[in-house]
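This report goes through one protein chain, from overall confidence down to single residues. Please keep the sequence and the model at hand while reading.

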Amino acid sequence: MATPGGDTLLSTFSEPEEPETREVAVAGMIRNGGQAVPALIKKLATHQQEYPAIHERVMAIKVLGEIGDQSVLEPLIAALDDPSADVKENAKMALARLTK
């Protein structure tokens with residue numbers, strides 16, 4: 001059975017009324033590891049420019065932190081300048097996890 005790609009799984013971030021679907025997608029992205037990283041970084045960068053839903057940026061940051069790929073350090077550092085305190089706090093936690 002094929003695993004959905006990062007872009008497909010990311011589409012669930014904008015569906016807050018479907019928390020179970022979102023949880024499954026997050027677990028899938030973490031399992032896919034590095035395969036999901038480019039799509040997550042793109043999502044985070046786009047969100048910083050367009051400032052849509054905060055929960056989408058927070059979810060992208062949480063998944064990036066869980067994947068643990070060092071290539072995400074720069075986007076997470078950039079998220080520290082996000083206007084949302086929730087995004088900043090989650091970026092700090094993800095960076096702490098990655099730099100242990």
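## Confidence and conventions

What is the mean pLDDT of the chain, and what percentage of its residues reach 70 or more? The mean is 75, and 69% of the residues reach 70 or more; pLDDT is the predictor's confidence in each residue, from 0 to 100. Where pLDDT is low, the predicted coordinates should not be read in detail.

The model is predicted, so local features need pLDDT of at least 70 and side-chain atom pairs count only at pLDDT 80 or more, while totals for chains, interfaces and linings use all residues. Residues are numbered from 1 along each chain as its sequence is written, and side-chain values use heavy atoms, with hydrogens and water left out.

## Overall architecture

The chain has six helices and zero strands, and from the N terminus on its elements run α-α-α-α-α-α. Helices (H or I, at least four residues) and strands (E, at least two) are DSSP runs, numbered from the N terminus.

Of the 100 residues of the chain, 41% count as buried. Buried means under 20% relative accessible area, exposed over 50%, and partly exposed in between (1.4 Å probe, protein chains only). The accessible surface of the chain comes to about 5,700 Å², and 53% of this belongs to carbon and sulfur atoms; such areas come from the Shrake-Rupley method with a 1.4 Å probe, and for residues only the protein chains shown count as cover.

Among contacts in the chain with a separation of 6 or more, 62% are between residues 24 or more positions apart. A contact means heavy atoms within 4.5 Å.

## The nonpolar core

The largest nonpolar core holds 22 residues, of which Met29, Leu40, Ile61, Leu64 and Leu76 touch the most other members. Two or more residues each come from helix H2 (19–32), helix H3 (37–50), helix H4 (54–67), helix H5 (73–79) and H6. The largest share, seven residues, comes from H4. A nonpolar core is a set of buried Ala, Val, Leu, Ile, Met, Phe, Trp, Tyr and Cys residues joined through side-chain atoms within 4.5 Å.

## Salt bridges

How many salt bridges does the structure hold? There are two, a salt bridge being a side-chain nitrogen of Lys or Arg within 4 Å of a carboxyl oxygen of Asp or Glu. One joins the side chains of Asp82 and Arg57, at 2.7 Å from N to O. Asp82 lies in the loop between H5 and H6 and Arg57 in helix H4, so this pair ties together parts that are 25 residues apart in sequence. Both Asp82 and Arg57 are buried, and the relative accessible area of Asp82 is 2%. A polar atom of the Asp82 side chain also lies 2.8 Å from the backbone nitrogen of Ser84.

Glu66 forms a salt bridge with Arg97, with the closest N and O atoms 3.7 Å apart. Because Glu66 lies in helix H4 and Arg97 in helix H6, the pair ties together parts that are 31 residues apart in sequence. Glu66 is partly exposed at 45% relative accessibility, and Arg97 is partly exposed at 37%.

Gly65 is found in helix H4 and is buried, with a relative accessible area of 4%. Gly65 and Lys92 are 27 residues apart in sequence and 9.7 Å apart in space, C-alpha to C-alpha. Lys62, placed in helix H4, is partly exposed at 40% relative accessible area. Leaving aside neighbours within four places in sequence, Lys62 is in contact with Asn90 and Arg97.

Asn90 is found in helix H6 and counts as buried at 11% relative accessibility. The C-alpha atoms of Glu89 and Ile61, 28 residues apart along the chain, are separated by 10.0 Å.

Conventions: Polar contact = N/O pair within 3.5 Å; in protein donor to acceptor, adjacent residues only side chain to side chain.
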